[in-house]
Amino acid sequence: MELSKTYDPKAAEERWFQRWIELGYFKADPRRPGPVFSIVIPPPNVTGQLHLGHALNATLHDVIVRTRRMQGYNTLWLPGTDHAGIATQNVVERELAREGKSRHDLGREAFVERVWRWRETYGGRILHQLKRLGASCDWSRERFTLDEGLSRAVVEVFVRLYREGLIYRGRRLINWCPRCETALSDLEVDHRDTEGRLYYIRYPLVGADGAVTVATTRPETMLGDTGVAVHPEDPRFAGLVGRTVTLPLAGREIPIIADSAVARDFGTGAVKITPAHDFDDFEIGRRHGLGEVVVIDLRGRMSDAAGRYAGMTREDCRRRVLEDLDAQGLLERVEPHRHAVGICSRCDTVVEPALTWQWFVRVETLARAAMAAVRDGRTRFRPQFWENTYFSWMENLQDWCISRQLWWGHRIPAYWCGACGHLMVMAEQPERCERCGAPQIRQEEDVLDTWFSSGLWPFSTLGWPERTADLERYYPTSLLITGFDIIFFWVARMMMMGLKCTGEVPFREVYVTPLVRDEMGRKMTKSRGNVIDPLEIIDRYGTDAVRFTFAQLAIAGRDLVLSDDRLAASRAFANKVWNAARFVLLNLKDSPAPLAAPADLSKLELAQRWVLDRLNDAVRDATAAIDRYEFNTAALTLYQFIWHCFCDWFIELCKEPLKAGGARAYNARWTLTHCLDALQRALHPFMPFLTEEIWQALRPYIEEPGLAPHLAIAAFPKAAESPLLSAAERVAMSHCVEAAEAINSLRSLLGLHPAAPARAFIRQTSGTNLAALRGGFGAWQRYAMTLARAERLEIAADGAAAPGASVTAVLAWGEVLVEAPENFDFEAARRAVQKKLAKARGYHEQQLGRLKNPEFLAKAAAETREEVESRASQLEEEMKLLEQQLQLLGGA
């Protein structure tokens with residue numbers, strides 16, 4: 001197989017992924033021997049389309065999974081999708097609306113059937129998109145949170161927890177969307193900063209002159225006030241606690257209470273308490289036994305309890321309440337006030353805290369067990385600092401509202417007797433009431449929160465509650481890779497459910513991915529117009545380049561800044577690898593296949609033993625980095641070795657022995673083949689398509705017993721235990737590379753044409769052993785001359801005169817000098833660098849000025865501040881480089 005002149009990503013991607021699937025390379029088998037590595041995909045919403053977060057997550061999954069598979073692990077990567085209750089229901093409801101219908105026109109059963117049909121048509125879209133990324137999941141095991149097996153597990157868990165008293169039905173305050181008419185999880189509520197107003201309202205004291213002024217952002221809810229609260233240590237209200245005030249517009253008397261939850265610096269320090277419409281007020285009201293008056297109904301309109309305002313929308317009621325307060329002289333003042341408003345993430349409706357009957361999970365004991373598992377190391381977070389976030393959330397958990405007023409989802413297995421009202425929770429619908437025997441049985445209308453079923457994902461997908469071979473072999477899973485935004489919503493729930501249902505943690509480690517930002521360091525949002533479609537950049541740059549970019553930029557604890565420049569650099573790297581492979585294969589045309597290893601590797605030339613040693617270092621370091629989930633370090637290690645050591649240096653050094661023929665040429669060909677083989681194996685988890693394409697062409701020349709038919713299942717490279725270089729040879733080749741790099745840098749500074757030979761020499765500096773320097777010089781002199789395109793390279797003692805006009809680079813072990821071309825204008829070169837430096841300094845001072853400006857720091861969004869900080873940092877690096885150039889040119 002001969003490689004084409006240029007790499008065609010699309011052709012390789014289509015050819016190899018389908019071939020791997022057909023051959024069953026990604027299928028897991030619990031009977032297969034070897035250590036286990038299992039991982040489940042965070043199930044994307046069935047409504048979803050691939051975004052950059054998915055692409056990053058899938059890439060990092062695939063890097064570790066492909067590595068473990070090649071290392072001989074019994075590997076399972078299980079895919080699937082989440083039914084995404086509210087999101088999916090909304091999509092289908094919008095379809096119906098375009099037909100002039102609502103779900104109520106169809107009825108529950110017909111509507112659910114309609115959603116299933118939609119899912120069959122569109123539900124697999126995101127998984128097909130993940131396949132374009134090369135995700136090596138066991139696609140034969142694809143699961144869905146509403147499939148039969150997972151539904152059985154959901155019912156089993158609900159019934160068990162209910163019977164243990166860990167699930168109950170209660171009337172509590174929850175997030176409610178008046179448009180979707182359902183409870184919402186916190187993750188389904190977007191908190192948007194809004195330019196609002198703070199209204200100061202006078203509540204007259206009962207039995208005395210004067211009033212207590214409270215500040216509120218929601219005057220319409222005052223109709224449901226049942227108290228006024230102040231901080232117990234606030235001297236401004238000494239003597240008022242225990243008295244009562246008259247609630248304006250309603251005429252009810254309500255008490256003044258003291259509670260330490262009141263923020264003394266908000267408004268006047270006195271706040272109105274509306275337990276039925278505010279989460280903080282709800283808790284305060286429960287502590288003090290205050291009434292709960294519901295004045296806004298579940299449609300977002302004022303209820304009968306709102307008196308003459310009943311039937312109004314929240315917005316209309318606010319306007320009328322303010323007019324009436326002002327007319328009675330009770331509206332003291334109004335101030336601008338920026339605050340966060342909860343918005344339904346699905347329909348953009350303002351969320352209403354609503355007091356309703358819902359189903360809850362008691363989380364205290366479950367959370368305690370989940371925290372203990374992290375504290376004692378059964379589950380570890382990477383980076384570790386995310387454990388603090390996990391503990392912070394878990395230590396402040398409220399009981400989890402698990403019911404949703406939807407039709408699409410797992411219907412709660414609770415049943416009421418129509419005759420006596422008895423509640424029964426059981427796996428199957430009873431035919432008769434267990435208490436009175438009546439046949440009138442009605443099932444709960446609500447469905448379960450999507451996070452309830454996804455919380456069971458790691459073990460329900462493996463066959464729980466049955467003790468299946470999969471569950472025994474692959475649970476607990478080895479690793480979870482997920483975004484930081486769902487540590488609480490998903491990770492914590494999986495920890496609680498996994499420990500409760502199986503007695504084991506669901507995963508041994510949790511790797512938290514960074515947030516993907518644009519090239520300006522800004523968060524990607526639809527409103528900002530900077531959202532990038534992963535499929536578009538795959539079409540432009542190729543899957544391998546996109547994957548490699550993600551891996552290179554995935555630095556633990558730091559946001560990932562994606563740019564066209566980085567993607568183009570990864571594409572250039574793919575082309576570099578391709579061209580290097582073409583060079584090797586062109587030089588193997590007349591070679592025997594396979595190429596047998598030389599009998600004694602220690603007899604290879606210094607450059608050949610050096611590259612094999614460096615290859616060992618790169619493989620060892622990259623493997624260790626992958627084991628630590630330092631994907632960026634692994635990718636950078638391979639990049640540096642391939643681009644510089646192998647392509648720029650070793651391939652150049654091979655050209656002379658390849659021309660020489662005989663044993664020297666054979667050894668060079670074998671070394672090139674061995675390196676290219678190991679590099680394709682090490683690079684395969686990052687760039688699977690490119691490497692498979694190259695490896696298939698190289699495979700005939702590889703000598704290995706039982707050689708795999710495809711790279712996807714070939715053995716991952718292992719570093720040799722014994723070095724091929726002595727300590728002195730390592731130093732010599734280190735000097736060679738450093739000298740060549742210095743000469744090339746000085747050539748660039750002098751503007752030498754690439755084809756023009758350089759004249760250089762090395763000068764000893766104080767503290768350097770001249771004899772030792774000269775002793776090693778002979779071994780690497782010709783290599784450095786080749787790499788630096790130098791026609792002359794000599795070594796001289798400390799203080800030797802420079803060869804005419806020259807520029808100098810100082811190394812740790814000596815100075816490297818390169819002669820300047822005749823008539824080179826040093827002064828003009830210095831002026832050009834000084835001009836660039838002055839410009840960079842000016843821009844740098846501008847950025848620092850913004851960062852020191854209190855007004856900018858107070859008003860600028862976090863993304864803008866980060867953008868300015870990033871630009872200042874870039875300018876600092878640019879200034880350092882220019883200052884170094886100026887120094888080399890002899891400038892101050």
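Two strands count as paired here if DSSP finds at least two bridges between them. Keep that in mind for the views below, which all come from a predicted model.

**View 1**

**View 1. Zooming in on the pairing of β15 and β23.**
Strand β23 covers residues 507–513, and three bridges join β15 to it, with the two running parallel.

**View 3**
Another open sheet has three strands in the order β19-β18-β20, and here the pairing is antiparallel. β19 and β20 are the edge strands, each pairing on one side only. Neighbouring strands of this sheet are turned by 30° against each other on average, again ignoring direction. Strand β18 (residues 414–417) is joined to β19 by three bridges, the two running antiparallel. Within that pair, Ala414 stands opposite Val425 of β19.

Cys436 turns up in the loop between β19 (423–425) and β20 (441–443). Leaving out neighbours within four places in sequence, Cys436 is in contact with Cys417, Ala419 and Cys420. Cys420 is 16 residues from Cys436 in sequence, and their C-alpha atoms are 7.0 Å apart in space.

**View 2. Helix α7 from start to finish.**
Helix α7 (residues 148–163) has 16 residues, which at 1.5 Å a residue should span 22 Å; the end C-alpha atoms are 23 Å apart, so the two figures agree. At the start of α7, a side-chain oxygen of Asp147 comes to within 3.3 Å of the backbone nitrogen of Gly149. Just past the helix, Gly165 takes a positive phi of about 80°. Which residues of α7 are buried? They are Leu150, Ser151, Ala153, Val154, Val157, Phe158, Val159 and Leu161.

Ser460 belongs to helix α13 (residues 457–460). Buried means under 20% relative accessible area, and Ser460 has 2%, so Ser460 counts as buried. Setting aside residues up to four places away in sequence, Ser460 touches Arg143, Leu150 and Ala153.

In soluble globular proteins, nonpolar side chains tend to be buried together. The largest nonpolar core in this model has 153 residues, and Phe646, Phe686 and Trp780 have the most contacts inside it. Helix α20 (residues 631–660) gives the most to this core, with 16 residues. Apart from that core lies another, of 63 residues, among them Leu150, Leu456, Tyr474 and Phe489.

**View 3. The surroundings of Trp780.**
Which residues is Trp780 in contact with, leaving aside its neighbours within four places in sequence? The list runs Ala732, Met733, His735, Cys736, Ala739, Ile762, Leu793 and Trp813.

Terms used:
Residues numbered from 1 in each chain as written. Predicted model: local features only at pLDDT ≥ 70, side-chain atom pairs only at ≥ 80, totals over all residues. Heavy atoms only, no water. Helix = DSSP H or I, 4+ residues; strand = E, 2+ residues; numbered from the N terminus. Buried < 20%, exposed > 50% of the residue type's maximum accessible area, 1.4 Å probe, protein only. Contact = heavy atoms within 4.5 Å. Expected span 1.5 Å × (residues − 1). Polar contact = N/O pair within 3.5 Å; in protein donor to acceptor, adjacent residues only side chain to side chain. Core = buried A, V, L, I, M, F, W, Y, C linked by side-chain atoms within 4.5 Å. Axes fitted to C-alpha atoms, helices over the stretch in contact; angles between N-to-C directions.
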